[in-house]
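Me: Could you walk me through this model? I'd like to start with the ligand and then look at the packing.

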Amino acid sequence: MSVIELRGIKREYRMEGKPSSKTKKTSGSVVVVRALRGVDFCAEAGEFISVMGPSGSGKSTLMNILGCLDKPSGGTYNLDGIETSKSDSDTFAYIRNRKIGFVFQSFNLLSRTTALENVELPLFYRRRKHDEKKSSSASARKELAMTALKEVGLAERIDHFPSQLSGGQQQRVAIARAMVNDPAFILADEPTGNLDTGMTLEIMGLFQQLNDRGKTVIMVTHEPELAAYTKRIITLRDGELVSDVQVHERRNALDDLAQWKKDHVLLSEDK
Ligand SMILES: Nc1ncnc2c1ncn2[C@@H]1O[C@H](COP(=O)(O)OP(=O)(O)OP(=O)(O)O)[C@@H](O)[C@H]1O
Ligand SMILES: [Mg+2]
C-alpha cells in the first residue's frame, strides 16, 4: 500500500492585486495564483525522493500539503490509509504530529533546551493529546529520545545545548526529533541549505543510512548533486509534475565524504 497517494491536487491562492502571467484575473482586483494544477503522485514505504523544480514551481506548496500544514483546494490526499481531505481539524493535527517528521533548513531547535529535551518534545505533545501509555512516563520518553539520538550518532551529546553543537550536529538533533514518533515519512525542506560541504555530505549520509533501515524520506532540494543521493527525483514546473525518474546509480554520500576529507586534508598539508 502507498504511504502517500495524491490525486489531482490543486492549490489556488486568492489574493488582492494585479494579475501577472501566472495568475488569472477574476472579478474586481482579486487574482488567483494557481500554485498546483492537478498533481498526481504516489510514494511507497522505503522510498527516498527528492522534489526539484525552479523557484515558484510549487515545491513548498506541495510540501505544506504533504505535511498536513495546508489543505488543497481540490483533489484528494490519502496518507497511510487515512483520507486527509475529509478529516476534521483535530484529526488533521493528529496526523501531522504522529505521521510526519519535519526537518527544516534552519533546524528549528529550542535554544535553551538540551539535545535530549528537544528530541523529547514531540512525545510530550503525543502524551497530552492522546495519553498513549508507550510514552507516558518520563523514563519511557527519555529512552525513546536517547534511542533516536543514538540512531543519528549523537549519544555523546545529549546534554549539549544547540549553541554547543555544530550546524551538522544541530541538524542531527532535528532529524532525531523528526524520527522519535516513528512517523510514516520524514519531510525535509532543503535540510542542508545552511551547511558546508562536509556537513552536507554527513547529513545526506545519515538520510541514506536511515533510508537503508526502512525510513521513507522526501526532500526538497535545488541541487542536482544532492538529488543524486536519493532514489527518485520528481520535478515540478509551473505547478505541474513534469518529470518523475528513478535514480539508477545512486551516489553514496559517505564515500563522497571520505573522498572530500582526503582532498581537504591533503590541501591543508600542502600549505
Ligand atoms: N501564501 C501565498 N499566497 C499567494 N501566492 C502564493 C502563496 N504561497 C505561494 N504562492 C505562489 O505560489 C507559487 C508556488 O510557490 P511555492 O512557494 O510553492 O514555490 P517554490 O517552488 O517553493 O519556490 P522556491 O524554490 O522559491 O522556494 C508561486 O507563484 C508563489 O508566488
Ligand atoms: Mg519553497
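Me: How many residues surround ligand 1?
Reply: Some ground rules: this is a predicted model, where local features need pLDDT of at least 70, side-chain atom pairs count only at pLDDT 80 or more, and totals for chains, interfaces and linings use all residues. Residues are numbered from 1 along each chain as its sequence is written, while chains are lettered from A and ligands numbered from 1 in the order in which they are written. A residue is near the ligand if its C-beta atom, placed from the backbone, lies within 6 Å of it. The closest include Tyr13 and Ala35, and the number surrounding ligand 1 is 13.

Me: Which element gives the largest share of the shell around ligand 1?
Reply: Helices (H or I, at least four residues) and strands (E, at least two) are DSSP runs, numbered from the N terminus. Strand S1 (2–16), strand S3 (30–44) and helix H1 (59–66) each give two or more residues. The largest share, three residues, comes from H1.

Me: Which residue of S9 is the bridge partner of alanine 188?
Reply: Strands pair if DSSP finds at least two bridges between them. Four bridges join S8 (residues 185–189) to S9 (residues 217–220), and the two run parallel. In S9, the partner of alanine 188 is methionine 219.

Me: How do H5 and H6 run, roughly parallel or roughly antiparallel?
Reply: Axes are lines fitted to C-alpha atoms, for helices over the stretch in contact, with angles from 0 to 180 degrees between N-to-C directions. The axes of H5 (residues 167–179) and H6 (residues 197–212) come within 9 Å and cross at roughly 20°. Angles under 35 degrees count as roughly parallel, over 145 as roughly antiparallel, 65 to 115 as roughly perpendicular and the rest as oblique. So H5 and H6 are roughly parallel.
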